[in-house]
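Work through the exercises below with the model open. Try each task before reading its solution.

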Amino acid sequence: MQQDYKHPNVRATSALSTTQHRLVSHVRSARAILATDLDGTFLGGSVADRRALYEYLTDQEHTALIFVTGRDQAHVEHLINDAGIPRPQFVIGDVGTSVYDGENFSPVVPVEEWIDAHWQGDDDARTALKVHEDHLQLQDVYGGRRRSYFISDSDKANAAKRAVETAGYDAIVSDDTYLDVLPRGVQKGPTLLKLIDVLGLDATKVLASGDTLNDLSLFKTGLASVAVGNSEADLLKSLPDSNKIYRATGHGAAGILEALKHFNLFRSTETVL
């Protein structure tokens with residue numbers, strides 16, 4: 001369920017760094033807050049579409065940006081520093097199991113403590129997956145609080161998913177390529193809602209965007225959201241029936257631009273392509 005706007009929790013925000021307090025002020029004042037997946041979504045679409053979206057976000061002082069990605073921190077830092085994309089104020093990484101700011105890459109302590117409280121360690125996961133390990137390749141990720149695999153057979157991966165869920169975890173098979181084992185109750189969507197709550201953001205300003213099943217929890221938050229035009233078929237089949245969910249025709253960045261217009265989140269209609 002979507003969380004209504006609340007004043008920030010004073011105790012929680014007191015744990016933020018000086019830099020994070022400044023970033024929070026920017027995000028609170030924004031007309032729109034784009035909370036977006038990266039691969040296939042923010043990084044998807046044509047060169048022209050990406051340029052249009054990135055220039056819009058860079059030019060609009062009152063548009064804030066949160067990355068919500070399966071990628072780990074090292075990959076996100078590389079993108080921000082070397083790939084010429086807009087710098088986010090905050091990043092939800094590792095499929096919702098890490099949260100840090102986009103300037104110093106320091107953890108957002110109150111949210112990370114909430115994640116830690118849900119992570120039971122990976123011993124039970126390894127035990128549950130041992131019989132399935134011939135079909136799984138462990139990914140080289142460093143986020144802590146998750147185990148992620150490449151899969152070779154989606155049917156067998158779904159059997160592994162069921163086994164690890166029985167052991168007390170959340171698990172996601174996405175894009176016929178990935179299996180993510182996560183703390184129970186912690187995915188991209190719940191972590192985004194927790195960040196909104198901790199920072200005291202206005203949820204009605206947020207647009208979430210994604211393209212694969214590991215983004216499904218974003219579409220279950222009750223936030224305005226967009227499934228971009230190149231979305232995984234299994235994601236589209238799994239979307240809740242809600243007028244808060246927009247199915248774009250444009251791929252990647254073009255789909256995000258469509259949705260910003262659809263939900264009337266542009267600061268100026270003159271900026272629309």
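**Exercise 1. Find which residues of α11 are buried, and what covers them.**

Solution. Start with the ground rules. This is a predicted model, in which local features need pLDDT of at least 70 and side-chain atom pairs count only at pLDDT 80 or more, while totals for chains, interfaces and linings use all residues. Residues are numbered from 1 along each chain as its sequence is written, and side-chain values use heavy atoms, with hydrogens and water left out.

Step 1. Locate the helix. Helices (H or I, at least four residues) and strands (E, at least two) are DSSP runs, numbered from the N terminus. Helix α11 covers residues 253-262.

Step 2. Apply the burial cut-off. Buried means under 20% relative accessible area, exposed over 50%, partly exposed in between (1.4 Å probe, protein chains only). Seven of the ten residues of α11 pass as buried. They are A253, A254, G255, I256, L257, A259 and L260.

Step 3. Look for the cover. Contact means heavy atoms within 4.5 Å. The cover over these buried residues includes β1, α3 (38-42), α4 (47-59), β9, β10 (224-227) and β11 (245-247).

Step 4. Check what comes after the helix. N264 follows α11 and has a positive phi, near 60°.

**Exercise 2. Determine the strand order of the seven-strand sheet.**

Solution. Step 1. Two strands pair if DSSP finds at least two bridges between them.

Step 1. Read across. The order is β4-β3-β2-β1-β9-β10-β11, in an open sheet with mixed pairing. At the edges stand β4 (98-101) and β11, each pairing on one side only.

Step 2. Take the angle. Axes are lines fitted to C-alpha atoms, for helices over the stretch in contact, and angles run from 0 to 180 degrees between N-to-C directions. Neighbouring strands here are turned by 20° against each other on average, direction ignored.

Step 3. Inspect one pair. β9 and β10 are parallel, with four bridges. S209 has V226 of β10 as its bridge partner.

**Exercise 3. Describe the four-strand sheet and the place of β7 in it.**

Solution. Step 1. Order the strands. This open sheet runs β5-β6-β8-β7, and its pairing is antiparallel. β5 (136-138) and β7 (170-174) are the edge strands.

Step 1. Follow the β7 pairing. Five bridges join β7 to the antiparallel strand β8 (residues 178-182). I172 is bridged to D180, and V173 stands opposite L179. Three residues lie between the two strands of this hairpin, where D175 takes a positive phi near 55°.

Step 2. α8 (residues 154-166) lies across β5, β6 (147-151), β7 and β8, at about 170° to β7.

**Exercise 4. Identify the largest nonpolar core and the element that gives the most to it.**

Solution. Step 1. Define the set. A nonpolar core is a set of buried Ala, Val, Leu, Ile, Met, Phe, Trp, Tyr and Cys residues joined through side-chain atoms within 4.5 Å.

Step 1. Count. The largest core has 37 residues, and I66, F90, L192 and L195 have the most contacts inside it. α9 (188-199) is one of the elements that give two or more residues. With six residues, α9 gives the most.

Step 2. Probe one member. Not counting residues up to four places away in sequence, L192 touches A35, I66, I92, A208, L218 and L223.

Step 3. Look elsewhere. A second, separate core has 32 residues, among them L34, L57, V91 and V228.
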